[in-house]
Structures are given as C-alpha cells and as structure tokens.
Amino acid sequence: MALIESEKQGAVQILRVHRPEALNALNSNVLEALDKALDAIDLDQVRTLIITGTGEKAFVAGADIAQMKDLGEEEAQAYASLGHKVMRKIETLPIPVIAAINGYALGGGNELAMSCDIRYASENAVFGQPEVGLGITPGFGGTQRLARLIGSRSKANEIILSARNIEADEALRIGLVSAVFPPEELMPQALKLAERIAKNAPIAVRASKRVLQEGLDDSLEEGLKKEVKAFSHCFTTQDQKEGMSAFLEKRKEKKFTNQ
C-alpha cells in the first residue's frame, strides 16, 4: 500500500497522505515517502501542488505517538530532523503548495499544513499543537511557524502552551487558513485555485513565492531589493512579453511557456 498517493491533473499535482488506519499520522515511513514524492514532481510540467489526506476524518492527525513513545534522545532528534527536512522541502518548493485540510490537523498535521503556502480547510477541520499534553514540544516547526503565520506571539503561545484545539472558524479568524468550505467543496475549491495559479506565468509565480517568503525573514529594505531584482529579471523572459502582449491585444488566452 502506497503511503503517499500521487495524481496529476493537467498542471496540478495532488499528493494524498494515505494511512487511513492511523488517521494519516506521520511516522518515519510516511515522512520518507512524502520526501520521495516531492522529489518525483516534474517541475517542468507541474505548476501547482495540492497536499491533502485520505478520507473525510483527517488531513493528518499528527505525528505517530506509537512510534515516538519509546524513542531515546538521539532517536527523537533524528525523527524531528526528518520532519524538519520534509516540511522545509515543501516550504521551499519552487511551485506554490496548497494544503486542502479535510479534517484533523493536529501536531505534525498542523505543522505540515503550515509548511504549505496556502491553506484551505473543510468545516470539520480541527487544528492544534497538543504536544505539551504529551510531555514534549512541537517537533516539526510548530514553535517557529505558528506565530509567524498568524502574526501574534500571544495567540501562538495560547494555542501551544494550553494544548487546546481550534476549529475551522477560529483558524480562519486568526489567519491560519485562507478559506473554509463544506467538506464536499474543499477539493473542488482547492483545484479551482490551483488551476487558476497554474494559468499564470510560472517564472513570475515562482519568483513571487520566493521573494514573499524570503522577504518576511529580511528587513523591509532587503526585501524590497529582492523584489526589484525579481521584477527586473521577469523582463528577460518570453512569458513577460506574452503576458503584456495579450493584455494590450485584449486576448484572454495566454501561452506561458516558463521561458
């Protein structure tokens, strides 16, 4: 049984975490399979990635507690490092990544969602970092990404230190997700967004993702310098010529070639 199911629809790749008997919990095998699935994406053909979970109950219910229970310090460090490697690979993937959160996104599941660029959730989604109630800290980036994403250290501390779960409406209110949909509309809406992104100039999309991400970790001055560099580089591309020509010619169809 494949732990990661991979499907391509046009220029959109879909990866599904497939471990339904454990609510898609992330053990080392799942993380390694996800790592390989990310490496296998054809970045010349794929322009947007969606990550979701199998079934209707869970996106990813968390890291695998059964695997973690008897780890020693060095084994725990290796496990967390593997998780960080995979989350960072998603975060720095050249193409945009959409998380379609179809249920529980707890612990490692919330951390997986946070490594994506855009998060859509179903109305039954539940988020949280329950680790302190298990005697550990978040280990796949939760202590670092949550406050950065929602813009509030106080709220991040409240969620992590209380180990309380939050439902989809609160996740939307604090900015953890971009939109919430009925369960049956989640994937159609995620695909609609992915396809809309995929229609845009790939070089410009990828550069915008990179500069936005890097700029948040820089001073405003340094971020603006990177924006100028990315902006000016676009004028060396055929996609820029095509996009502006189509606009001036009032053409709806644009032939972006990633060149």
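Reader: Which residues line the largest cavity?

Author: First, the basis: this is a predicted model, where local features need pLDDT of at least 70, side-chain atom pairs count only at pLDDT 80 or more, and totals for chains, interfaces and linings use all residues. Residues are numbered from 1 along each chain as its sequence is written, and side-chain values use heavy atoms, with hydrogens and water left out. On a 1 Å grid over the protein atoms alone, a cavity is a set of points where a 1.4 Å probe fits but cannot get out, and lining residues have an atom within 4 Å of a point. Here the lining consists of R47, I95, P96, I197, A198, N200, P202, V205 and R206. Helix 8 (183–198) and helix 9 (202–215) each give two or more of these residues; helices are DSSP runs of H or I, at least four residues, numbered from the N terminus.

Reader: How much space lies in the largest cavity?

Author: A volume is the space filled by probe spheres set on the points, with grid points joined across faces, edges and corners. For the largest cavity that is about 30 Å³.

Reader: What is the volume of the largest pocket?

Author: A pocket is an open set of points with protein on both sides within 12 Å along at least five of seven lines. The largest pocket has about 780 Å³. Its lining has 26 residues, with E91, M114, L149, Q213 and L216 nearest the centre.

Reader: Which helix gives the most to the lining of the second largest pocket?

Author: Helix 3 does, with five residues. The volume of this second largest pocket is about 580 Å³.
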